[in-house]
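Open the model in your viewer and keep the sequence beside it.

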Amino acid sequence: MTGQATPTPHETPVGDLGRRIARRRAQLGLTRKETAIRAGMAPSYLRHLEEHPGAAPSAGALLRLAGALRTTVSELAGGTTETAPGPGSALRDARLVALGPDECRRLLGTHGVGRLVAPLTDEILAVPVNYSVVDGAVVFRTDPATAPGRAAGRRVAFEVDRIDDAFGVGWSVLVQGTARTVTDPDEQRTLTARAYSNPWAGGPRTTWMRIDPDGITGRRIAR
């Protein structure tokens, strides 16, 4: 399968539109040049859209770009930010395909946000967290006083997914294992150096937690 295209340092998108374009082409495994050719525009113009927050492409350019990235103009423009995924129409010939362990691990490593599910004393926790995958383990930073921090020592589930409303396809991966707090200073330094996803919620989230999978399964909705 085609690997994901990761923006190089000189390609780092600046504006919201630029971030959405770069993120979507990375999901599809497309380079900037490949995307520009599909959209019928110069790579230099696509670079301008990705790197300049004030870029204002025409409606026609946005439409071509959305088509090249197999998405919608509304998605690129950020009009669906507050909309939950899934309102699109299902494929008439869709089928559910089980994913093998290797494919599950590959998909798990492509994301930065997943859902932690854990049974606590008085409730069932289900919250999104920013995560990374380091040496096969799901790792994330939190505050021990928060709900994710209270999951330490418990058997948990961790789920990531990707839904493409425009085409009615998607996938999900479920990890099961025991969450633990990372207390070893060397391991903490390793995670700080190697993890790439920072907590969006902000605040002093300095406690590392990890989930070493003892089970991983996944499914894909495909044509």
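Start with a cut-off: buried means under 20% relative accessible area, exposed over 50%, and partly exposed in between, with a 1.4 Å probe and protein chains only. Colour the protein on that scale: 39% of its 223 residues count as buried.

A note on the source. This is a predicted model, in which local features need pLDDT of at least 70, side-chain atom pairs count only at pLDDT 80 or more, and totals for chains, interfaces and linings use all residues. Residues are numbered from 1 along each chain as its sequence is written, and side-chain values use heavy atoms, without hydrogens and water.

Switch to cartoon. The protein has 7 helices and 8 strands. These are DSSP runs numbered from the N terminus: helices are H or I with at least four residues, strands E with at least two.

Now show contacts (heavy atoms within 4.5 Å). Among those with a separation of 6 or more, 69% join residues 24 or more positions apart.

Next, the backbone. Most residues other than glycine have a negative phi.

Select R70. Look in the loop between α4 (59–68) and α5 (73–77). Phi of R70 is positive, near 55°. Is R70 buried or partly exposed? R70 is partly exposed, at 41% relative accessible area.

Last, select D135. This residue lies in the loop between β4 (132–134) and β5 (137–142). Phi of D135 is near 55°, a positive value. D135 is exposed, with a relative accessible area of 61%.
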